[in-house]
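Please keep the model open while reading.

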Amino acid sequence: MLWNQFSPGPIQTIDNYAPGISLNILRLDLLQSWSSGNKYYKLKYPLQFVLENNIRTIVSKGGMFSNHLAALAEACYAFHIQLLCIVRSFVPDENNPTIQRLKEMNVVVIFVSPEEYDLFDEEIAYEKFPNAFFIQEGGLSPDGIIGAAEISSEIQPSRFNHIVIAGGSMCTTCGLIKSLPEGTHLHIVPAWKGCSTDYIQTILSANNIQPLCHWDIWPDYHLGGFGKFNRELIDFMTSFTSSTGIVLDPVYTGKLLMAVTDKIKNHYFNEHDSILAIHTGGLQGLAGYAYRFPDEWKDYVTLSKALLHIGRKVY
């Protein structure tokens with residue numbers, strides 16, 4: 001497989017999602033390559049650099065259930081690159097399903113305290129691992145943004161005027177802001193508490209991005225913070241997945257679709273709007289919720305497994 005070889009995710013339309021409203025979903029979770037979801041776009045150019053310069057080791061950082069680290073591990077496994085993961089942890093947990101999956105792919109996992117994690121940056125990475133290539137948390141980098149900008153090529157032919165995406169590191173978000181055309185409205189659903197337009201603008205300015213599209217954030221759907229959930233989210237995801245067959249995750253896409261649904265119910269859109277929600281993948285994180293909160297998430301994970309039929313790669 002080549003570093004840029006992939007089959008793109010399709011756009012799925014849910015007709016009559018609400019009276020007069022059709023909801024479209026870009027299914028990046030169905031993208032097929034050395035990794036899926038938006039991670040393929042964020043990692044492709046860093047991966048190209050590593051391969052073309054014969055670098056044999058990558059260092060990156062992330063949380064205990066990190067989608068970024070899981071996707072990067074798949075890429076490194078496919079191309080026989082050693083991956084070192086700096087993992088933020090109050091208490092190391094070897095039974096964590098994400099950590100187990102990393103180790104199955106020959107990843108070296110280094111647990112550090114939150115304080116050490118916050119201090120670990122590119123300079124420290126190259127000091128400790130001088131022959132390695134460092135990739136920032138969440139894949140945020142200039143090359144990551146350039147790769148994420150290519151998602152727009154899967155969107156523009158269909159001429160959607162409202163596009164909605166969940167954001168973590170905001171790498172994919174900034175790539176879309178960079179590339180979406182004038183007349184498009186991009187709405188960002190932050191996965192963490194306290195995200196502001198200033199935070200995103202700082203990344204845009206650092207990368208000299210001059211948007212043509214209009215963008216804003218919907219900051220009130222994080223349910224208390226990154227990874228937080230309540231019964232309403234579980235019930236919404238269960239209802240949505242049961243009726244559409246589309247599996248969601250609690251950190252990003254569940255809150256994304258709940259936000260879109262809430263906006264539709266409150267007449268944010270009109271009947272002439274064409275809405276696209278971007279499913280960024282990250283379904284491996286469901287196993288972590290089943291592990292940490294079995295009583296709350298057991299039924300949804302059982303439903304999801306029945307729909308996916310793809311075994312340990314996701315769970």
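## Ground rules

Buried means under 20% relative accessible area, exposed means over 50%, and partly exposed is in between (1.4 Å probe, protein chains only). This is a predicted model: local features need pLDDT of at least 70, side-chain atom pairs count only at pLDDT 80 or more, and totals for chains, interfaces and linings use all residues. Residues are numbered from 1 along each chain as its sequence is written, and side-chain values use heavy atoms, with hydrogens and water left out.

## Cysteines

A disulfide is a covalent bond between the sulfur atoms of two cysteines. The working test is a pair of cysteine sulfur atoms within 2.5 Å. Searching the whole structure gives 0 disulfides. Cys171 is in none, and its nearest cysteine sulfur, in Cys174, lies 7.4 Å away. Cys171 counts as buried because its relative accessibility is 0%.

Cys195 has 7% relative accessibility, so it counts as buried.

Helices (H or I, at least four residues) and strands (E, at least two) are DSSP runs, numbered from the N terminus. Helix 7 is mostly covered, with 7 of its 9 residues buried. Those buried in helix 7 are Cys171, Thr172, Thr173, Cys174, Gly175, Leu176 and Ile177.

Leu180 sits in the loop between helix 7 (171-179) and strand 8 (185-190). Its relative accessible area is 1%, so Leu180 is buried. Contact means heavy atoms within 4.5 Å. Leaving out residues up to four places away in sequence, Leu180 touches Ser152, Ile163, Leu186, Leu212 and Cys213.

## Helix 1 against helix 6

Axes are lines fitted to C-alpha atoms, for helices over the stretch in contact, and angles run from 0 to 180 degrees between N-to-C directions. Angles under 35 degrees count as roughly parallel, over 145 as roughly antiparallel, 65 to 115 as roughly perpendicular, and the rest as oblique. Helix 1 (residues 38-52) packs on helix 6 (residues 142-149) at about 130 degrees, with axes 7 Å apart. The two helices are therefore oblique to each other. Helix 1 contributes Tyr41, Lys42, Tyr45 and Pro46 to the contact, while helix 6 contributes Asp143, Gly144, Ile146, Gly147 and Ala148.

## Helix 9 and its two partners

What is the orientation of helix 9 relative to helix 10? Helix 9 (residues 231-244) and helix 10 (residues 253-265) have axes that come within 10 Å and cross at roughly 85 degrees. They are therefore roughly perpendicular. Helix 9 uses Glu232, Leu233, Phe236, Met237 and Phe240, and helix 10 uses Gly254, Lys255, Leu257, Met258 and Thr261.

Helix 9 also packs with helix 12 (residues 294-308), at an angle of about 20 degrees and with axes 10 Å apart. This pair is therefore roughly parallel. The helix 9 side of the contact is Arg231, Ile234, Met237, Thr238, Thr241 and Ser242; the helix 12 side is Glu296, Trp297, Tyr300, Leu303 and Leu307.

## Start of helix 2

Asn67 lies in helix 2 (residues 67-78). With a relative accessible area of 13%, Asn67 is buried. Not counting residues up to four places away in sequence, Asn67 touches Lys39, Tyr252, Gly282, Gln284 and Gly285.
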